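Please consult the sequence and the structure before reading each solution.

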Amino acid sequence: MKTASDAFIDGRWVPGSQRFVVRDPFDDSLVAEVTHCGDTEVDAAIDAAARAFGAWRKKPAPERGKLLGQLAARMLADERRLGELCVRENGKALKEAIAEVRYAASFFEWFAGEAGRAYGETIPGSRPEQRIVVTREPVGPCALITPWNFPYAMLTRKLGAALAAGCTVVAKPAEQTPLGALAIAQLAEQVGIPAGVINIVPTTDAKRTGARLLGSPQIKKLSFTGSTAVGRELLRAAADDIKRVSLELGGNAPFVVLADADLHEAVAGAMIAKFRNGGQSCVAANRFIVEESIADSFVARLLPAVQKLVVGRGLDAGVDLGPLVDDKSVAKVRRLVADAVAKGATVLHDSAPRGRLVGPTVLRDVTPAMDLWREEIFGPVIAIRTALDELDALAQANDTEYGLVSYVYTRDAARQVRFGEGLESGMVGINTGLVSTAQAPFGGIKHSGLGREGSRHGLDDYTNLKYVSTTI
Ligand code: ADP
């Protein structure tokens, strides 16, 4: 199938009057020239989503679910091509890109089932003649704004829920990685999702497009995944029209290793929590907090695993870490490492970057005064600080304005409960470095966001409860 590079509006591929270039982060080679949507295209997409909404919401939910199931099947059948496309625009290692395609498809699969389970309820009335019925109605056309780090999955976990609920969408993918969203639109067209239900508007002017979407009274909801700074701006802008808003924002995940942990398992979990997607993930472990008594043993087991990582072109066999997505990301990672070293961090492992190929770094003696303790690193850097005991570890873990996910390794059942309850984050991984899965509610507290994606709760953000009281 030909790589789609035009905008997708009202069931048509729209070349537009301007194009922008998508480049391979590995070598800057040209991947595609993509339609840049200005106001005209964005408005057309909003109108199309608004027009399509009436019929789409009326389609029986099981039928909407069936289409989502077919979309999942198409993605899986095409996982190699979609994976390679993702490597070209994002840079990640091919095995991770294919894993992302499967993960992304799992949201369509999950919401294919959830569509038919958007149950309402009846509630006993206060008078003999009163009947109370509660139904869930789709909120309406939704704006979806997604980042570059998981071009498929960040879209499908919004899109699956939106379509299952009966909403239509205008999606704005990240400028760096618009091709994944367009590839999904191609598959949606093939399975027969009606024109106007899914509209994709790539653009180089995110701010303007965001304002246009939020300024439209036809758009009833925004779902955004990206940085806390932009999320905050969008939340403010959504206030004028009191739009529904879901935000998946930044994280600063602690990865706690307590003295009784199985260190073999803790290292395996650390490798996943830290190096998945080269650390470019909002659920990436950002702060390693290790109980002092086992810190040396943890480091001794961690270093050989880190040294085995292969950095290179994402498409090449055996590569674990592809290039970081752009020069800005490389500069940020290097700045954070340099700041930590200047403030006294000990370098246990480092690798000189080659262009955007940034190998793993391991730092010890990290302190809260270092920028990387407060900022999301978004790169392959392990920053280790020790804790005196369990209480100290928990306090350190919670000492952040973010609250997306926390990881803890301990074999002690009581500690598992204490950390499960005590960690201030929307998600907690106990003896695991990977919590994301379609059937569980993904989302954060504090500055990490609002709302949940995936799980049976994922539909809530795309539905309004309606209560009808009838006197018979
Ligand atoms: P990241 O640091 O991951 O790129 P951003 O928050 O900058 O995170 O970007 C996430 C998504 O939000 C992307 O699709 C980007 O184009 C979009 N975006 C960035 N700035 C704005 C803005 N001011 N208004 C609307 N969307 C924006």
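**Exercise 1.** Determine in which loop Asp 365 lies, and whether the residue is buried, exposed or partly exposed.

*Solution.* First, Asp 365 is placed in the loop between strand E15 (361–364) and helix H12 (371–374); helices (H or I, at least four residues) and strands (E, at least two) are DSSP runs, numbered from the N terminus. This is a predicted model, in which local features need pLDDT of at least 70, side-chain atom pairs count only at pLDDT 80 or more, and totals for chains, interfaces and linings use all residues. Residues are numbered from 1 along each chain as its sequence is written, and side-chain values use heavy atoms, with hydrogens and water left out. Next, the phi of Asp 365 is positive, about 60°, although the residue is not a glycine. Finally, Asp 365 counts as partly exposed because its relative accessibility is 43% (buried means under 20% relative accessible area, exposed over 50%, partly exposed in between, with a 1.4 Å probe and protein chains only).

**Exercise 2.** Describe the place, phi and accessibility of Asp 28.

*Solution.* Asp 28 belongs to the loop between strand E3 (19–23) and strand E4 (30–35). Its phi is positive at about 65°, although Asp 28 is not a glycine. With 37% relative accessibility, Asp 28 counts as partly exposed.
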